[in-house]
Amino acid sequence: MQSDNIIETVGLTKRYQRQKAVDDLSLTVTEGEIFGFLGPNGAGKTTTLLMLMGLSNPSGGTARVCGLDPTRDPKEVKRLVGYLPENVGFYGDLNAVQSLEYIASLNALSPEGLDRKILEMLELVGLEENTGKKVAAFSRGMKQRLGIAEVLIKDPKVLFLDEPTLGLDPEGAIRFMELVESLNRDRNITVLLSSHNLYQVQKISHRVGIMIEGRMVASGSIGSLAEEKFGVGEKEYSLEEIYMKYFQEV
Ligand SMILES: Nc1ncnc2c1ncn2[C@@H]1O[C@H](COP(=O)(O)OP(=O)(O)OP(=O)(O)O)[C@@H](O)[C@H]1O
Ligand SMILES: [Mg+2]
């Protein structure tokens, strides 16, 4: 493995009965990169993320995350990777501060300086005005922000974000992506971002991969994919147009 590949899979495969949800996937993500993980419903994106977290066992192939095998070292991988799943679960009876205290205790974080850290996280995600409100009374966007605060409190090296802006209003989605971009820039957090919001993905990703029916049909910079499909650079075509071209040709 090259040392700057923070995620690397070789021939990663997941079979459900006869169907291959992920089929011979070779994916590399470099440290410090935002990688947009694209593909239609049912392509195998979430299944891939689950295998990378050690939450689902591959049927074949290998995966390494931060140099670790998620099947063998799931605990260590979970310590280093912040995973924001498609549907984040919360205890509605807790407020934002209590939710973060609970997550901190689950992750055995040191109580020293924890109160300050919790406030810092809530400020980072823009929830500092809502510290006392019960999560049950949060809007979807507020829950999503709390979800990312819960993920960030353990200082992850890598973030796996599965459709993080689904159901957010346009402003909320833009703010969320700006937050992801600043976490990448200021804290050097590597991001694997699965999203159908191609406009936002194009704005912040360094590279993208397009998965269709379990197979990665293209990966590279958006410019290189535009070049491959249209013979011209990224400026002429949107990611949506490039994506549709790959999609139609499969
Ligand atoms: N637990 C399971 N048992 C059987 N089949 C499954 C299971 N989980 C996923 N699949 C199948 O694997 C395929 C890939 O699903 P996956 O959830 O990874 O897609 P996805 O790319 O995340 O899609 P979406 O964009 O809709 O979230 C689908 O055909 C799905 O039906
Ligand atoms: Mg999914």
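Biologist: In what order do the 3 strands of the open sheet lie?
Modeller: This is a predicted model: local features need pLDDT of at least 70, side-chain atom pairs count only at pLDDT 80 or more, and totals for chains, interfaces and linings use all residues. Residues are numbered from 1 along each chain as its sequence is written, while chains are lettered from A and ligands numbered from 1 in the order in which they are written. Strands are DSSP runs (E, at least two residues), numbered from the N terminus, and two of them pair if DSSP finds at least two bridges between them. The pairing in this sheet is antiparallel, and the order is S2-S1-S4.

Biologist: Which are the edge strands?
Modeller: An edge strand here pairs on one side only. The twist averages 15 degrees from one strand to the next (axes are lines fitted to C-alpha atoms; angles run from 0 to 180 degrees between N-to-C directions). The edges are S2 (19-30) and S4 (60-65).

Biologist: In S2, what is the bridge partner of arginine 15?
Modeller: S1 covers residues 5-16 and pairs with S2 in the antiparallel sense over 8 bridges. Arginine 15 has its partner in S2: lysine 20.

Biologist: Which helix gives the largest share of the shell around ligand 1?
Modeller: The shell holds Tyr16, Ala21, Gly39, Asn41, Gly42, Ala43, Gly44, Lys45, Thr46 and Thr47 (C-beta atom, placed from the backbone, within 6 Å). It divides into 3 nonpolar, 6 polar and 1 charged (Ala, Val, Leu, Ile, Met, Phe, Trp, Tyr, Cys and Pro are nonpolar; Asp, Glu, Lys and Arg charged; the others, Gly among them, polar). Helices are DSSP runs (H or I, at least four residues). The largest share, 3 residues, comes from residues 45-52, helix H1.

Biologist: Which residue takes a positive phi in the hairpin of S8 and S9?
Modeller: S8 (residues 207-212) and S9 (residues 215-220) run antiparallel, joined by 5 bridges. Glycine 209 has serine 219 as its bridge partner in S9. The hairpin has 2 residues between the strands, and the positive phi, near 50 degrees, belongs to glutamate 213.

Biologist: What radius of gyration does the protein chain have?
Modeller: The C-alpha atoms fill a box of roughly 55 × 40 × 35 Å along the principal axes. With 250 residues, a compact globule would have a radius near 18 Å (over C-alpha atoms; 2.2 Å times the number of residues to the power 0.38). The chain agrees, with 18 Å.

Biologist: What percentage of the 250 residues is buried?
Modeller: The chain has 9 helices and 9 strands. Buried means 20 or more other C-beta atoms, placed from the backbone, within 10 Å of the residue's own. Buried residues make up 38%.

How values were computed
A residue is buried if 20 or more other C-beta atoms lie within 10 Å of its own, exposed if 12 or fewer, and partly exposed in between; C-beta atoms are placed from the backbone.
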